[in-house]
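Please read the report below alongside the sequence and the 3D structure.

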Amino acid sequence: MTDAPQDQTLDLTAGLAPSQVTDGMGCHAGAGQMAAAARAAGNSALLDQYAADYPQGPHDKPQSMCPAFGSLRVGLRMRRVATVLSGSACCVYGLTFVSHFYGARRSVGYVPFNSESLVTGKLFEDIRDAVHELADPDRYDAVVVTNLCVPTASGVPLKLLPSEINGVRIVGIDVPGFGVPTHAEAKDVLAGAMLKYARTEVEAGPVAAPATGRSDRPTVALLGEMFPADPMMIGAMLAPMGLAAGPVVPCREWRELYAALDSKVVAAIHPFYTAAIREFQAAGRAIVGSAPVGFDGTMDWLQNIGDAYGVAADRIAASQNAFGGAIRGALAANPIKGRITLSGYEGSELLVARLLIESGADVVYVGTACGRTAWSEADRAWLAARGVAVTYRASLEDDCAAMAGFQPDLAIGTTPVVQKAKQLGIPALYFTNLISARPLMGPAGAGSLATVINAAMGNKARMAGMKAFFDGVGSGDTAGIWEGSPNLRPDFRAAHQKKLDKLAKAAKAEEMI
């Protein structure tokens, strides 16, 4: 493994990444074939745990970006943490490209391999040598090594790596696309592994305090990535109860993990962090679901947090009264009128839907690529009571069918949903960049969505005009660039279709033999 300048991706050594693994199975093999290989290689316990933590639902493979991007991003955002990937070169290239696209000015380590080094165990030796080379305590607190699909399917045993080298922690995780459904849940894989490591350190003896020191008030750890202003707003709402906002998990430095574990109560703002929640529960911490979004959500959340900490009823009421009026005022001052379908893969979709409904929007469908957990149950019940169709592990087909069926004034969703909506002349917004990247909590969140939502819905007439103007252009026989009208040959097309039908019948007959 080689290092790179601080603002570059490591050089992907030419010619060493395999297109195949044992028995000719490539990295583009089906999820079932890869999973079977992983079990044969001794990774059954790992896949069983992932199946319990992240039930896959109706589709058996990710429909968004590679899940490993989630864990990669968590590692790259942490100070004094080195990241190493083990996987096919095409996968590593794509992951590093996307990470730099999202602003990660950090090196990404890569241990190349070929079919021989994969099946003989030399790859594991190369990974071990790489972490020994990287483990410089003057530069790093931890090194994270991630197996992608092919090494996981081949059973490369990261658990055999030393847990510590020269005082630098070594954290090995497997993030295969056939075991972890979404990049959001891959964040939990690494967050949970780091919390587990930190918890064993705490149990073994005194640990270092965070760089900012310990809070003089009891803290509430916040689980899930969120807009930078949200933890500050949450802290302000907790203050009247004598509480403070603790670290946000995933953390930005290792010592924050200790402070998070020191919090007696954990707020599962994003409810899919099942591995992280397991570690907090093992440490004896109480978990509170949902989040302080909108009026109803904030009042319930403050009550539940206060109850978990045993705060007196009058102090809980003081916090509710201090912020309830401001939230109602912000919602009333920033109304949203129109029918909306909402979908995404970040895990905060139900929270955003609650906020939109309290702003006056008619939200008819919510789809999330993440799975259903106990920590989102309050949000699901609140939405269901208002007639909203909530779909967990929603597929792209689910989201597009809801949009086509409900004919919303605005579709909020993933990139392909937005693309489909615009083809139909329906205004649309990309959930990740335009919706979830805004404050959602408390009074600040109550008025944060109206401007962008109303502006998008105001474009409905423009979208209809564009659709009418370009109707019939760029699709079917008119796709591509033409200097004149396409020369249609229906006779050729019919003859070709007959050949295809004949081949299909022959294939069907072979299946029956």
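## Strand β6 and its neighbour

Thr219 stands opposite Ala244 in β7, and the two strands concerned, β6 and β7 (residues 244-249), pair in the parallel sense over four bridges, where pairing requires that DSSP finds at least two bridges between two strands. Strands here are DSSP runs of E with at least two residues and helices are runs of H or I with at least four residues, both numbered from the N terminus. The model is a predicted one, in which local features need pLDDT of at least 70 and side-chain atom pairs count only at pLDDT 80 or more, while totals for chains, interfaces and linings use all residues. Residues are numbered from 1 along each chain as its sequence is written, and side-chain values use heavy atoms, with hydrogens and water left out.

Strand β6 (residues 219-223) is largely enclosed by the rest of the structure, because five of its five residues are buried, that is, under 20% relative accessible area with a 1.4 Å probe and protein chains only, whereas exposed means over 50% and partly exposed lies in between. Thr219, Ala221 and Leu223 cover one side of β6 as buried residues, and Val220 and Leu222, also buried, lie on the other.

## The five-stranded sheet

Five strands form an open sheet of mixed pairing, in the order β2-β1-β3-β5-β4. Its edge strands, β2 (109-110) and β4 (164-165), each pair on one side only. The pairing of β4 with β5 (residues 168-174) is antiparallel and extends over two bridges, with Val168 in β5 as the bridge partner of Ile165.

## Backbone geometry in loops

Asn166, in the loop between β4 and β5, has a phi near 55°, a positive value in a residue other than glycine, and with a relative accessible area of 53% Asn166 is exposed. Arg393 also has a positive phi, of about 50°, although it is not a glycine; Arg393 lies in the loop between β12 (389-392) and α16 and is buried, at a relative accessible area of 3%.

A cis peptide bond, with omega about 10°, joins Val249 and Pro250. Pro250 is placed in the loop between β7 and α10 (254-262).

## Cavities

A cavity is taken on a 1 Å grid over the protein atoms alone as a set of points where a 1.4 Å probe fits but cannot get out, and a pocket as an open set with protein on both sides within 12 Å along at least five of seven lines, lining residues being those with an atom within 4 Å of a point. Grid points are joined across faces, edges and corners, and a volume is the space filled by probe spheres set on the points. There are two cavities of 30 Å³ or more. The largest cavity holds about 90 Å³ of space, and its lining includes Pro271, Phe272, Glu349, Asp379 and Tyr392. Helix α14 (residues 349-358) gives the most to that lining, with three residues.

The second largest cavity holds about 40 Å³, and Thr341, Tyr365, Asp399 and Val417 are among the residues that line it. At least two lining residues come from each of β10 (339-344), α16 (396-406) and β13 (410-413), and β10 gives the most, with three.

## The second largest pocket

About 850 Å³ of space lies in the second largest pocket. Of the 29 residues lining this pocket, Leu46, Gly172, Ile173, Ala193 and Lys196 are the closest to its centre. Elements that each supply at least two lining residues include α2 (44-53), β5, α8 (183-204) and α11 (274-282), and α8 gives the most, with six residues.

## Aromatic rings

Four aromatic pairs are counted, on the rule that rings of Phe, Tyr and Trp (its six-membered ring) pair if their centres lie within 6.5 Å, with planes under 30 degrees apart counting as stacked, over 60 as edge-to-face and the rest as tilted. Phe272 and Tyr273 form a stacked pair, because their ring centres are 4.7 Å apart and their planes lie at 25°. Phe272 is buried at a relative accessible area of 3%, and Tyr273 is buried at 0%.

Arg328 lies over the face of Phe295, at 3.7 Å from the ring centre, and the charged end of Arg386 sits over the ring of Trp382, 3.8 Å from its centre; a charge sits over a ring if NZ of Lys or CZ of Arg is within 6 Å of the ring centre and within 35 degrees of the ring normal.
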